[in-house]
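Hi there,

Here is the structure we talked about handing over. Have a look through it first, and then read on for what turned up.

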Amino acid sequence: MKAMVLRGITGLSENRSPLELADLAIPVPQEHEILVKVSACGVCHTELDEIEGRTPPSRFPIVPGHQVIGFVEKGGSSAGRFKIGDRVGIAWINSACGHCKSCKNGMENLCDDFKATGRDVNGGYAEYAAVSEAFAYPIPEIFPDAEAAPLLCAGAIGLRSLRLTNIKDGENIGLTGFGASAHLVLKMVQHEYPRSKVFVFSRTEREQEFARELGAAWAGGMEEESPEKLRAVIDTTPAWRPFIEALRNLEKGGRLVINAIRKEDGDKDSLLRLDYSRDLWKEKEIKSVANITRRDVKEFLQMAAEIPIRPEIQEYRLEEANKALLELKERNIRGAKVLRMG
Ligand SMILES: [Zn+2]
Ligand SMILES: [Zn+2]
């Protein structure tokens, strides 16, 4: 099968083609696994973190991609949850141990044995992928394959982030960075908290305009002061400067939720500009979001079908994965990038 593989950590600024087109054997589904013929796979910022080593793969070569939509081609000897031909999704959570304290408390995202699709196990930048049937999801009919793909990560983690903000209807929420996840969060806020106003902070005019088109109450630059104080901010950027700005814009007792698997070191010195009395005092909180649970994926897919959320997407061929990644790195973003197979 055709697959785009990563053979080792590399920098995207020097290496414009980090992934290599390879011909791999089609995976053989183990006992509880299903083999999925991939039709679409979303491109996520986390792939940049894998390639550049901020969240390094546990083995090489590895096939990235954790927003996978496809059709069940074959089942392992004891797999019976899906029928051949069923449409399924595979998300970031590929497996967890199932018996540790975190797993037992519904926090399988924090399991020490958490395995991520496309980082610890081959993912969806390929024509086929195998996954345990317990970690696959039926996809609501209303979504075409390419539109369903970005829902699996950006959407599910967006929902987890939104829950962690603890906001109530009518409270202001800020979104720092306006990529795939944030634009889905905006739609979730409109559905779940119709009286809340959304304030978007973004580097580019284009993204700010996009946010206003989608119904943001206000959109401005990363360093701008919010016209109203915010109960919570979700930061999806890889940088530190917006982190400080977001804290400054919080109201008393407000919470900053960081939805980023790693922060890049480039502007880390801006942390020194943190002013305790202005930015942290009065019981402001900071919380990070780690991974996702199966429940996040299931509930988000359901909510997305209900609203309905139809993500803005940009399609690429599998062979164009490097191009999609570079454009993502350069923040040439309008909606979510999706690879189409075949
Ligand atoms: Zn992702
Ligand atoms: Zn566990």
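In which loop is P61 found? P61 sits in the loop between α1 (45-51) and β4 (68-75). The peptide bond leading from F60 to P61 is cis, with omega near -10°.

A few notes before going further. This is a predicted model, in which local features need pLDDT of at least 70 and side-chain atom pairs count only at pLDDT 80 or more, while totals for chains, interfaces and linings use all residues. Residues are numbered from 1 along each chain as its sequence is written, and chains are lettered from A and ligands numbered from 1 in the order in which they are written.

**The chain as a whole**

The protein chain has 10 helices and 17 strands (DSSP runs numbered from the N terminus, with H or I over at least four residues for helices and E over at least two for strands). Its radius of gyration is 20 Å, close to the 20 Å that the globule rule gives for 342 residues, so the chain is as compact as a globular protein of that length (the radius is taken over C-alpha atoms, and the rule is 2.2 Å times the number of residues to the power 0.38). Along the principal axes, the C-alpha atoms fill a box of roughly 60 × 40 × 40 Å. Of the 342 residues, 49% count as buried (buried means 20 or more other C-beta atoms within 10 Å of the residue's own, exposed means 12 or fewer, and partly exposed is in between, with C-beta atoms placed from the backbone).

**Helix α6**

In α6 (residues 205-213), the buried residues include E207, Q208, F210 and A211. These cover an arc of only 160° around the axis, which puts them on the same side of α6 (the arc is that of the directions from the helix axis to the C-beta atoms). E205 and E213, on the other side of α6, are exposed. Among the elements covering the buried residues are α5 (180-192), β11 (198-201) and β12 (218-220). After α6 comes G215, with a positive phi near 110°.

Helix α4 (residues 154-165) packs against helix α9 (residues 294-306) at an angle of about 100°, with the axes 8 Å apart (axes are lines fitted to C-alpha atoms, for helices over the stretch in contact, and angles run from 0 to 180 degrees between N-to-C directions). The two are therefore roughly perpendicular (65 to 115 degrees; under 35 is roughly parallel, over 145 roughly antiparallel, and the rest oblique). From α4, G155, A156, L159 and R160 meet D296, V297, E299, F300, M303 and A304 of α9 (contact means C-beta atoms, placed from the backbone, within 7 Å).

**Backbone details to check**

Most residues other than glycine have a negative phi, and most peptide bonds are trans. In the loop between α8 (276-280) and β15 (285-288) you will find K282, which has a positive phi of about 70°. K282 is exposed, with 12 other C-beta atoms within 10 Å. E283 is in the loop between α8 and β15, and its phi is also positive, near 60°.

**The chain ends**

G342 lies in the segment after β17 (336-340). The C-alpha atoms of G342 and K2 are 9.6 Å apart, although 340 residues separate them along the chain.

Best wishes

Note on methods. Two residues are in contact if their C-beta atoms, placed from the backbone, lie within 7 Å.
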